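Please consult the sequence and the structure shown below while reading.

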Amino acid sequence: MEKIFFELFIFIIGASIGSFLNVLIDRLPKEENINGRSHCDYCGKKLNWYDMFPVFSYFILKGRSRCCNKKLSWQYPLIEFITGVIFVVVIKDSPYVESLTRTVLMLSILSCFIVIFVSDLKYHLISDYILLALFIFSILLKFVTPLSGIHALTIDILSGLIVALPIWLIYFVSKERAMGLGDVYLAAIMGFLLGWQAGFLALYIAFVTGAIFGLIIIIFKKKKLKSKIAFGPFLVIGTVVMLFWGEKIMEIIKRVYGF
Ligand SMILES: [Zn+2]
C-alpha cells in the first residue's frame with residue numbers, strides 16, 4: 001500500500017514537470033517568456049491553482065478553460081501523463097536508482113527529449129536552449145559515472161563528432177532541406193551520451209522508424225513525397241531505445257556476429 005502512495009507521489013511530481021515541459025514545448029520555438037502557464041492562453045485571465053493541477057484538471061474541466069470555455073489542447077494532459085509515467089518507471093526499476101544524482105540527471109535528460117520530440121514534431125524546430133540543457137545534463141551524467149575521466153571524456157567527444165557526421169553530410173548535401181542544424185547537434189549529443197557504437201545503432205533505429213512512419217503517412221494521408229517530416233522525434237526514439245535496452249541489443253548483435 002505504501003508503495004502505491006510513493007508511486008502516486010512520484011507520478012504527480014513527474015506530471016507537474018510535464019506541465020512545465022508543455023510550456024517549454026510551445027514557448028521555446030517562439031522565443032517567448034517561459035514563466036509558467038499561470039494565465040489562460042486565450043483570455044489571459046489568471047488561473048486558479050486547482051485548475052493547473054496536472055492531468056486531473058483537464059478532465060475535471062472536461063477539456064475546456066473555466067474562464068472563457070475555450071477548448072484546451074489534449075497535448076497538455078497527454079504530456080503530463082507521459083512524463084508522470086516515465087518518472088515512475090525510471091525510479092521504480094532502472095539501474096539509475098542506485099544513485100540519486102544519476103536518477104535526477106537521467107530524468108532531466110529524458111525531459112529534454114520530450115521537449116525536443118514534441119516541439120520538433122509540432123513546429124519543426126529544436127530550440128538551441130533545450131539542446132544546450134541536454135548537453136549539460138549529459139556532461140554531468142558522465143561525471144557521476146564510475147568510468148569517467150579525461151580519457152573517457154575524449155572518447156565521448158570523438159564519438160559525438162563521428163555520430164553527427166552522417167547527419168551533417170545529409171544536412172550539407174540537401175542544403176538544409178532534409179535535416180536541420182538542430183538534428184546535427186542532437187546527433188552529436190547522442191554520440192557523446194551513448195558512445196559511437198550505440199550512437200550509430202540509435203541512428204539506424206531513427207532511420208528505420210522514420211522510413212516506416214514516412215511510408216505510413218504517404219499511404220494513409222496521401223501526403224506528397226516532398227512534404228516535410230521532422231527527423232528529431234526519430235533521433236529521440238533511437239536514443240531512448242539505446243539508453244534503456246542498449247546493453248541487451250549490443251549483446252545480441254555481438255552474439256550474432258561473433259565479436
Ligand atoms: Zn480564458
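## Order of elements and overall form

From the N terminus on, the elements run α-α-α-α-α-α-α-α-α. The chain thus has 9 helices and 0 strands; helices (H or I, at least four residues) and strands (E, at least two) are DSSP runs, numbered from the N terminus. The radius of gyration, taken over C-alpha atoms, is 20 Å, close to the 18 Å that the globule rule gives for 259 residues, so the chain is as compact as a globular protein of that length. That rule is 2.2 Å times the number of residues to the power 0.38. Along the principal axes, the C-alpha atoms fill a box of roughly 60 × 50 × 35 Å.

Two domains divide the chain, domain 1 (1–93) and domain 2 (127–259), with bounds that come from an automatic or database domain assignment. Their C-alpha centres lie 28 Å apart.

## Basis and confidence

The model is predicted: local features need pLDDT of at least 70 and side-chain atom pairs count only at pLDDT 80 or more, while totals for chains, interfaces and linings use all residues. Residues are numbered from 1 along each chain as its sequence is written.

The average pLDDT of the chain is 89, and 93% of the residues score at least 70; pLDDT is the predictor's confidence in each residue, from 0 to 100. Confidence is lowest in α2, at a mean of 90, and highest in α7, at 96.

## Burial and the nonpolar core

Buried residues make up 32% of the 259 residues. A residue is buried if 20 or more other C-beta atoms lie within 10 Å of its own, exposed if 12 or fewer, and partly exposed in between, with C-beta atoms placed from the backbone. E2, in helix α1, counts as exposed because it has 6 C-beta neighbours inside 10 Å.

The largest nonpolar core has 55 residues, of which V115, I116, A187 and M190 touch the most other members. Such a core is a set of buried Ala, Val, Leu, Ile, Met, Phe, Trp, Tyr and Cys residues joined through C-beta atoms within 7 Å. Elements that give two or more residues to this core include α1, α3 and α5 (128–143), and α4 gives the most, with 12 residues. The core draws at least three residues from each of domain 1 and domain 2.

## Helix α7

The 14 residues of α7 should span 20 Å at 1.5 Å a residue, and the end C-alpha atoms are 20 Å apart, which agrees; the expected span is 1.5 Å times one less than the number of residues. Of these 14 residues, 12 are buried, among them G182, D183 and Y185. The cover over the buried residues of α7 includes α4, α5, α6, α8 and α9.

Leaving aside neighbours within four places in sequence, A187 is in contact (C-beta atoms, placed from the backbone, within 7 Å) with V163, A164, I167, L203 and L235. After α7 comes G195, whose phi is positive, near 90°.

## Helix α3

Helix α3 (residues 75–92) has 18 residues, which should span 26 Å at 1.5 Å a residue; its end C-alpha atoms are 25 Å apart, which agrees. Its buried residues include Y76, P77, I79 and E80. The buried residues of α3 pack against α1 (2–27), α2 (56–60) and α4 (100–123).

Note on methods:
Contact = placed C-beta atoms within 7 Å.
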